[in-house]
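Subject: Structure handover

Hello,

Here is the structure I promised to pass on. Please open it alongside this note.

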Amino acid sequence: MVKEKTFSRLTQAACEAALIAGELLRQGFGSQFKVSSKEGRHNLVTEYDTKAEQAILAHLKKAASTSSFLAEESGATGQLGDLLWVVDPLDGTVNFAHNIPFFSVSIALEEKGDIVSGVVYHPHSNELFVAEKGEGAFLNGKKMQVSSVSRLEQSILATGFPYNLADNPFHCIEHFIDIVKLGIPIRKLGSAALDLAYTAAGRFEGFFAVGLSPWDCAAGVLLIQEAGGQVSHWNEKYFSIHSRLPILATNGRIHKQTASILHKL
Ligand code: IPD
Ligand code: CA
Ligand code: CA
């Protein structure tokens with residue numbers, strides 16, 4: 001029998017919180033719910049974003065009463081200390097609001113600035129992606145690895161657009177065209193956290209985007225690193241989840257080649 005991975009108490013708490021929020025989202029999916037717009041016309045928020053976030057924070061507070069939070073809907077809260085939970089209760093709100101079942105819950109834990117736990121949950125497929133620093137990355141308890149494809153021409157990539165796409169930040173439209181011109185399959189599925197988790201699971205060879213918030217990518221970054229992949233700025237330098245700069249996350253093997261396309265202008 002294959003022994004399932006056991007995690008640290010706080011990673012376990014993040015998994016539980018993601019499952020609780022996922023159940024709420026499953027119940028709300030397809031129902032009549034309130035939807036409103038945030039700063040951008042297409043940046044939606046539903047009552048389920050808020051409900052799921054409240055449930056996650058309540059659960060995590062029980063597990064670590066002295067931690068602080070950076071959560072999409074409630075911002076920065078809690079006591080300042082070594083532990084910071086970075087939470088996106090519903091990544092892919094536009095999909096959720098349009099009855100498209102590609103959305104996720106993303107929870108990461110930073111300890112003194114280092115991401116030590118990362119959990120992404122896809123309620124629709126009941127897939128739980130978990131990484132713990134130095135311990136590897138797991139899909140429903142089984143170890144996962146990035147793909148072994150080493151040529152960009154044989155790759156499938158995922159991307160996402162920021163809500164201010166019309167401003168063309170970082171010339172992302174031209175860079176998207178450069179990648180499209182390669183003629184390889186490109187997917188834009190609408191949940192950055194899940195795109196990163198899929199890359200960690202070897203379903204995509206890589207993911208690129210601009211302007212992500214910390215809660216979109218914190219858990220996914222650790223998933224990629226612990227699954228043997230590579231994360232950087234498009235210029236191959238260090239990427240900080242708090243920077244909102246361009247991100248390239250790949251299986252490592254196609255990283256240089258992809259970065260050389262994304263970095264040229
Ligand atoms: C968005 C999704 C989308 C990405 C956007 C994010 P939200 O998060 O991850 O795929 O392209 O940049 O803001 O608003 O659905 O939580
Ligand atoms: Ca998000
Ligand atoms: Ca969100």
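This is a predicted model: local features need pLDDT of at least 70, side-chain atom pairs count only at pLDDT 80 or more; totals for chains, interfaces and linings use all residues.

**Domains**

The chain splits into domain 1 (9-144) and domain 2 (152-262). Their C-alpha centres are 20 Å apart. On the domain 1 side, 39 residues take part in the contact, and domain 2 brings 26 residues.

**The interface**

About 2400 Å² is buried between domain 1 and domain 2. Carbon and sulfur atoms give 69% of that area. Three residues to look at are F102, I115 and M144. Together they supply 24% of the area that domain 1 buries against domain 2, more than any other three residues.

How many salt bridges are there between domain 1 and domain 2? The count is one. A salt bridge joins the side chains of R203 and E127, at 2.6 Å from N to O. Polar contacts across the interface of domain 1 and domain 2 come to 10 residue pairs, with both residues at pLDDT 80 or more.

Several elements build the side of domain 1 that touches domain 2. Each of these supplies at least two residues: β3 (68-71), β5 (83-91), α3 (93-97), β6 (104-111), β7 (114-122), β8 (127-132) and β9 (136-139). Strand β7 gives the most, with seven residues. By type, this side of domain 1 has 20 nonpolar, 11 polar and eight charged residues.

**The calcium sites**

Start with the calcium ion (ligand 2). D88 (OD), D91 (OD) and D216 (OD) coordinate this ion at 2.1 to 2.2 Å. In sequence, the donor residues follow the spacing D-x2-D-x124-D. Distant parts of the chain are linked here: D91 sits in strand β5 and D216 in helix α6 (residues 214-226), 125 residues apart.

Now the calcium ion (ligand 3).

Which residue bridges the calcium ion (ligand 2) and the calcium ion (ligand 3)? D88 does, and the two ions lie 3.6 Å apart.

Then move to the salt bridge of R203 and E127.

Best wishes

Terms used
Residues are numbered from 1 along each chain as its sequence is written. Chains are lettered from A and ligands numbered from 1 in the order in which they are written. Side-chain values use heavy atoms; hydrogens and water are left out. Domain bounds come from an automatic or database domain assignment. Contact means heavy atoms within 4.5 Å. Buried area is the accessible area (1.4 Å probe) that two parts lose on being put together, summed over both. A salt bridge is a side-chain nitrogen of Lys or Arg within 4 Å of a carboxyl oxygen of Asp or Glu. A polar contact is a pair of N or O atoms within 3.5 Å; within protein, one must be able to donate a hydrogen and the other to accept it, and residues adjacent in sequence count only if both atoms are side-chain atoms. Helices (H or I, at least four residues) and strands (E, at least two) are DSSP runs, numbered from the N terminus. Ala, Val, Leu, Ile, Met, Phe, Trp, Tyr, Cys and Pro count as nonpolar, Asp, Glu, Lys and Arg as charged, and the others, Gly among them, as polar. Donors are N, O and S atoms within 2.8 Å of the metal (3.2 Å for Na, K and Ca); water is not among the atoms, so sites may look incomplete.
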